[in-house]
Amino acid sequence: MVEAAEGAAPDPSEALDLGDFIEALGRLRLWAGAPSYRALAKAVGPALKPPQVVAHTTIGDLFQARRRRLDIDLVTATVRALGLGEQAVARWRAACVRVQAQARGGEVADAARQLPADLATFTGREEQLRALADALDAAPHQGRTVVISAIEGMGGVGKTALAVHLAHRLVAAGRFAETQLYVNLRGFDPEREPADPVEVLGTFLRQLGVPAKQVPHGVDERAAMFRNRMSGRQALVLLDDAADEKQVRDLIPAGPSCLVLITSRRSLAAVDGATLFPLEVFSRAEATALLQRIVGAERVAAEAAAAARIVELCGCLPLAVALAAGRLRSRPAWTLAYMADRLRGDVADATALGSRTLRDVFDLSYRGLPPQAQRVFRLLGRHPGVDYTVPAVAAMADITAHEADTLLELLQDEYLLQQKTPGRYELHDLLRGFAAQAAAAEHTDEGDAAVGRLCWWFLHSAYNAAKAVDTPDLPAPDRPCEHPPMTFASYDEALGWFGHEWHNLIAVQHAARDLGLHEAVWRLAVAQKFAAALHYRFADSVAAHEYAVDAARALGDRAVEARVTGGLGLALRFLGRLDEAERRYREAHAILSELGDWVRMGPVLLNLGEVSCDRKDYEQAIAAYTQALEVFERSGAIGGRGTAYRLLGCIHQETGDLDQAEHYFMLSMQDNQTVTEAARADGTKVGDRRGRVSLLSHLAAVYLARGEVERAVRGYGDTVDLARSVGDKYLLADASDGWGQALLAAGRHPQAQAAWTEALTLFTDIGHDRAAAVRRRLHDVQGA
């Protein structure tokens, strides 16, 4: 027996006729190291039954294309001598029998109608089918020479099923009925190399009736002959599972009467003239319909809630739904609820059906990536958030932003990532699970270090955003950031970043907590505190500050514990949980008294006063504010003193003592001006511009309540101007609302209408419930 070479042996099942089989036999001899005919004859003779001496010329004749018949036993012994195992030998014998039978019957292999069978369970995709048909119909009007539709998408999304179904639908409608060619290009085959275009062209030409010995050898010559043979034909060519545009370039005919359908889990944007059809996962309705198709409508209807959970846990990925349905169909004793519970553990394991698993499907895409892209994909499996930006991934992977952008775009081209919003990338839930498993298989030290870099990057970015929205009492990070954090040119830009990254910030804080990064945990809570109030994310702020309290205690830092305990009290107060808020404030006050920290004690007393004010206990509130004033005098905190004056003014305004309210507001205005000038001189500090807007608004309200209408109009006008420069939408909406009321009182109805229109737009934009009241005022003034 001849020793076989490494690599895949030729596949005899691809032989279409006797000449094709003999050509494959020659390739098998080359695969086996091209043994001489004499060596083969010595190995073949003893293997025959009965054993006999075989001349080397007899063996040589087997490999001659001119032959019209073969000795099946001699062929079987020869392929065995060439080093194949018994299973492979059996396949060669079966192929030899088949082509011999065709030769004896004078048959020509009708391979010009080669579409695979349409799936009986094909479901949905009507919108995509219409779009593909529309592209076909529009092609003649657009002067195209050949219609090329590239169906792209992640593994398991149903690209091949859609292409095959469309092809059958077109043929059934009488289109492209003359010729249909199909080839699996094996672009992502785990066991075999991608199909060589030269070999595919050879197969196509023989399917089109070209004798094997007349098929040219070179790719250019074969491509030219293929285009010539396809000219004028009503032909459909389905190129399935393409590796890239290079693999399909020479397989595309030139005639305008042809349709080429290409499927790939890689972007084929580089294919000239191709219309791209990125395929998304099923809608919930389509996924449920597929589940019904396989499991049975009655069984699904009986457990509709469980069916919905199965569809959700499968991420509406057609393959995942089909595999889960297949498991259910093969196990009639299982309930859908039981299957849903299994899916909660590991979808890939729970949906494994024979040799078909989701993990293998995803692994094909992953293995096809270059090493750097594989690393980034694994790290995304450790990313705690829900979507990813280029700067964040650059920090996490410790690469440049340019490298991160290139790799993320590559992952998107491979349909391992998706972009629903420009600049923000996401993983499908099932791919996120696969990436996490791939990351777990690697060294955890690299993953932990990457998550740590991400946490500090988010902290520095959050600090910059918090500073841009004038967050008071903001501690700077105590360690440098290894990668450039986000910077912000305006209040709106920073507040918008908080909105986009909110869920990521929460997830990153959780990840920092799991890694024991206590400094990052408490600082992230403080950095997002003010933005949480502006976005009405008070419940999230409570959770963040509870983690921060735990982190401070783990650090043994009592000063930090007092800070974040006070922040927790503030978030609880905004939620209306006044008793809990008061308890947290008193805990913070006790710690600060223990430390003798008079600077931070004043704000805590103000917060205790606000709790009393919320309860309408104005006497207790005034007592707390007065005590805070004494503390601010002792510590020299002018800004805190100004806040106390403003809050005292608000109480007197609420109780109707307008003169006393104005007195305190003016005292607060003086202190606010002092703080603003000091901040202007020291660029590291933040002036209380918001406090000044609030003061102007309160003063204007006092003037309006006293009937000093023109003074109120001017006051609110100044408030609107300052609020606009600050960039705070709520403050501007509040000021515009007050301005509208003052203008109405002055009889200036059109200006009042304009002011309230702006207020309504702003309140609606931020989702504030005051929009309804402004809408009523606007309606009344329009009616008048």
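Which exposed residues does the face of H2 turned away from its buried side carry? I will come to that after a word on the model.

This is a predicted model, in which local features need pLDDT of at least 70 and side-chain atom pairs count only at pLDDT 80 or more, while totals for chains, interfaces and linings use all residues. Residues are numbered from 1 along each chain as its sequence is written, and side-chain values use heavy atoms, with hydrogens and water left out.

Now to the opening question. The answer is Arg38 and Lys42; exposed means over 50% relative accessible area, buried under 20%, and partly exposed in between, with a 1.4 Å probe and protein chains only. Helix H2 spans residues 37-44, and its buried residues are Leu40, Ala41 and Val44. These three lie on the same side of H2 because they cover an arc of only 105° around the axis, the arc being that of the directions from the helix axis to the C-beta atoms. As a reminder, an α-helix has 3.6 residues a turn, so residues three or four places apart point the same way. The cover over the buried residues of H2 includes helix H1 (18-31), helix H3 (56-62) and helix H4 (72-81). Helices here are DSSP runs of H or I with at least four residues, strands are runs of E with at least two, and both are numbered from the N terminus.

Ala34, in the loop between H1 and H2, has phi near 55°, a positive value in a residue other than glycine. Ala34 counts as partly exposed, at 38% relative accessibility. In the loop between H2 and H3 sits Pro50, and the peptide bond from Lys49 to Pro50 is cis, with omega near -5°.

Another positive phi, about 60°, belongs to Tyr415, also not a glycine. Tyr415 is in the loop between helix H20 (401-413) and strand E6 (418-421), and is buried at 18% relative accessible area.

Next, the chain as a whole. There are 37 helices and seven strands. The radius of gyration is 37 Å, whereas a compact globule of 784 residues would have one near 28 Å; the radius is taken over C-alpha atoms, and the globule rule is 2.2 Å times the number of residues to the power 0.38. The C-alpha atoms fill a box of roughly 120 × 65 × 55 Å along the principal axes. Of the 784 residues, 50% count as buried.

On a 1 Å grid over the protein atoms alone, a cavity is a set of points where a 1.4 Å probe fits but cannot get out, and a pocket is an open set with protein on both sides within 12 Å along at least five of seven lines; lining residues have an atom within 4 Å of a point.

The second largest pocket has a volume of about 1,300 Å³. Among its 39 lining residues, the closest to its centre are Gly156, Thr160, Leu319, Arg356 and Val361. H14 gives the largest share of that lining, six residues.

Technical notes: Contact means heavy atoms within 4.5 Å. Grid points are joined across faces, edges and corners, and a volume is the space filled by probe spheres set on the points.
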